[in-house]
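Please keep the sequence and the structure open while reading.

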Amino acid sequence: MLTAYERRLLTRYLANIAARLRCKDPEARRLVEWVDDEDNRVAFAGRKRRRTDPWDRPRDDTDVAADELHRLEKTLRGRHSANAAKPDRTAIRLERLGNIAGFERADIDILELLLRYQTHSVFESMIDDIFECPGRSTRPLNTGGWAMPLVLGLPANAVQSRLRNGAPLVRSGLVGIDGDGDLEPVRRLRRLVTAPGDGDIDVSRLLLDAAAPGDLEWRDFDHVAVARDHVETLIAGALAKGAPGVNILLYGPPGTGKTEFCKTLAGRLGATLYSVGEADEEGDEPRRRERLQELKLAQHLLGGNRQSLILFDEMDDLLDGRYGGFRLFEALLSSGSREAGSKIFMHRLLEKTPAPTLWTMNDARDVSPAILRRMMFAFELRPPPTKVRARVWSRQLGRHGIEAAPEDVQGLAAEFDATPGVAAGATAAAHLADGDIATVRRGVESLSRLLSCSRPPQAAPEGFDPDLIRADTDPGALADRLVSAGAQRFSLCLQGPPGTGKSACVRHLAERLGLEVVQKRASDLMSMWVGQTEQRIARAFAEARGTGAFLVFDEADSLLADRRLAQRSWEVSQVNEMLTWMEIHPLPFACTTNFGTHLDPATLRRFVFKIALDFLGPEQADAAFRKFFSLPPPASLAALTALTPGDFAVVRRKAGLLGRLQDADALAEMLRAECAAKPERPTAIGFRP
């Protein structure tokens, strides 16, 4: 059923049509037939057909007489004048929307017609039955058709001018125009009809989706404090001055808190964050066109609002397909059916955005430079350090009622390089399963195998003893001197056979300096793609620089091989990349290798400290035996000249499984077997030219 206002509006539409049709137009006959239909008459006139009505005519006539159209128009005008119904809730909301968006009266009338047609069957029936011809591919309400001008009682050129590219209605994103000229109002416009409440509701909040408060705190981004605080200052200034064209790009691996940062920032600034295009009105995945329409709508409605921010998650959606010359392989392999965007359109969209816009994406390396240069700031969200991870874990565990001792929380933070998103998911899963901290750990372990977020040990092995390290430089004394000097920029190269304690020495030094370790293996950095190894090397140095960590390259001989022996150009370029960053890196870093003689000579000159480690001497071997087994060493131990601390650790685990920890001779035999399995033989200690 129609409300009184809707009957008044429908009567006006019908009167406008009757006034401008000619008697021989096929639409004139369909108009009279539609009005004469019993159900339609009840809908718009509010009563059943009387014995005679001013527009009654025989149903089998083909043409409509001119006086019939005149009488019909006159009657409809009279009914419209007699209906004094006030605008309903939808009409009031449309009026408010027009005021906010700066629309003219014609724009509001066009929107109202489209919205009534889209949401009410009587209006849809009236338009379709009168104007739609069988076999016509376009809809009646088309930019090139005459239905809309007739219904609204406006000149055709006046309507077309309000629907041209760049006109307010189209520019606002409220109305889209497809390739056939059919009008596509943004789906969320229906909220003006369906949303509860009165006409005084905030239309901007009704049409846009305000993001929920974030789960993270401002201090959870301390590891990127410089960039974080700069973004806060920049956005605060943009809001205060109403500056246009303010775009911030946030990028980084999934789960690092890009969206959460935007929510936290908005809360800190007392602004409302509107998230654009996360789902369509049915809760399904939106198309690129729909996301773009919503972005334009948000920009248009929030342009004069100095307390609002726009969030566009997954910026890649607008840059898919042929756009911008990136995602090259996807574009080359696609069938061409994907939606693609205009470069110039995207550039202007960024340059003229009236409300500060935060864009997020996982990988910004392939984005066109033309897009990147239109960003005021690019903010990389990296995985947080151990201290921040521990805080996030503690908060997530408490939120889900999972009891955990401080050492359990610290263990999760230290063992897994898990992002806040992973922590939230693992604790939520444990809560659903009524699990405990062990359940959480199992969940994280299952994800870590896929996400590669398990971390190498940060601290030196338990019970690490610098006296059990045989080296040409005393690592304990070196650590003492570096700590007392407060050294922040130095480099080390540690060379020696496996198990001699190279990595343990570096971790011990980092622990003494109060630094976390960013450890990279050659397998983490080497790539089959030309140029990608160099990119990964650069990112490793950037990660350590950004987090203030001690950078360690294991198996460095693969990355710093002698260039004189290179057979391919990339073997030279990756060494050059390493050398370049080694020269300018402002923090401690170290390389470990089993093959010091394989390193490029230029590499060795760039290390401040070069430490050669070797097999244990006799006295050190005796001390290690006492330390690991709490037994006096047997005489046969003196004959073993290729022992390392790692051998004692392995034999202790093996003897424990076999129940032989109290048998000194059996332990010595196990150590002898470890030595026999090594291809290395004791050599003179130190680096050789």
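Phenylalanine 553 stands opposite cysteine 591 in strand β13. The model is a predicted one. Phenylalanine 553 belongs to strand β12, which spans residues 550–553.

**Strands around β12**

- β12 and β13 (residues 589–593) pair in the parallel sense, with three bridges between them.
- Strand β11 (residues 517–520) also pairs with β12 in the parallel sense, over four bridges.
- Phenylalanine 553 of β12 is the bridge partner of lysine 520.
- In a regular strand, side chains alternate between the two faces of the sheet.
- Phe550 and Val552 lie on one side of β12, and Leu551 and Phe553 lie on the other.
- These four residues are all buried, and both faces of β12 are covered.

**Helices α15 and α17**

- Two packed helices are described by the angle between their axes and the distance between the axes.
- Helix α15 covers residues 288–302 and helix α17 covers residues 343–351; their axes come within 12 Å and cross at roughly 30°.
- Because angles under 35 degrees count as roughly parallel, α15 is roughly parallel to α17.
- The crossing of the two helices, α15 and α17, is left-handed.
- On the α15 side, the contact is made by Arg288, Leu292, Leu295, Lys296 and Gln299.
- On the α17 side, Phe345, Met346 and Leu349 take part.

Key:
Residues are numbered from 1 along each chain as its sequence is written. This is a predicted model: local features need pLDDT of at least 70, side-chain atom pairs count only at pLDDT 80 or more; totals for chains, interfaces and linings use all residues. Side-chain values use heavy atoms; hydrogens and water are left out. Axes are lines fitted to C-alpha atoms, for helices over the stretch in contact, and angles run from 0 to 180 degrees between N-to-C directions. Angles under 35 degrees count as roughly parallel, over 145 as roughly antiparallel, 65 to 115 as roughly perpendicular and the rest as oblique. A crossing is left-handed if the near helix is turned anticlockwise from the far one by less than a right angle, and right-handed if clockwise. Contact means heavy atoms within 4.5 Å. Buried means under 20% relative accessible area, exposed over 50%, partly exposed in between (1.4 Å probe, protein chains only). Two strands pair if DSSP finds at least two bridges between them.
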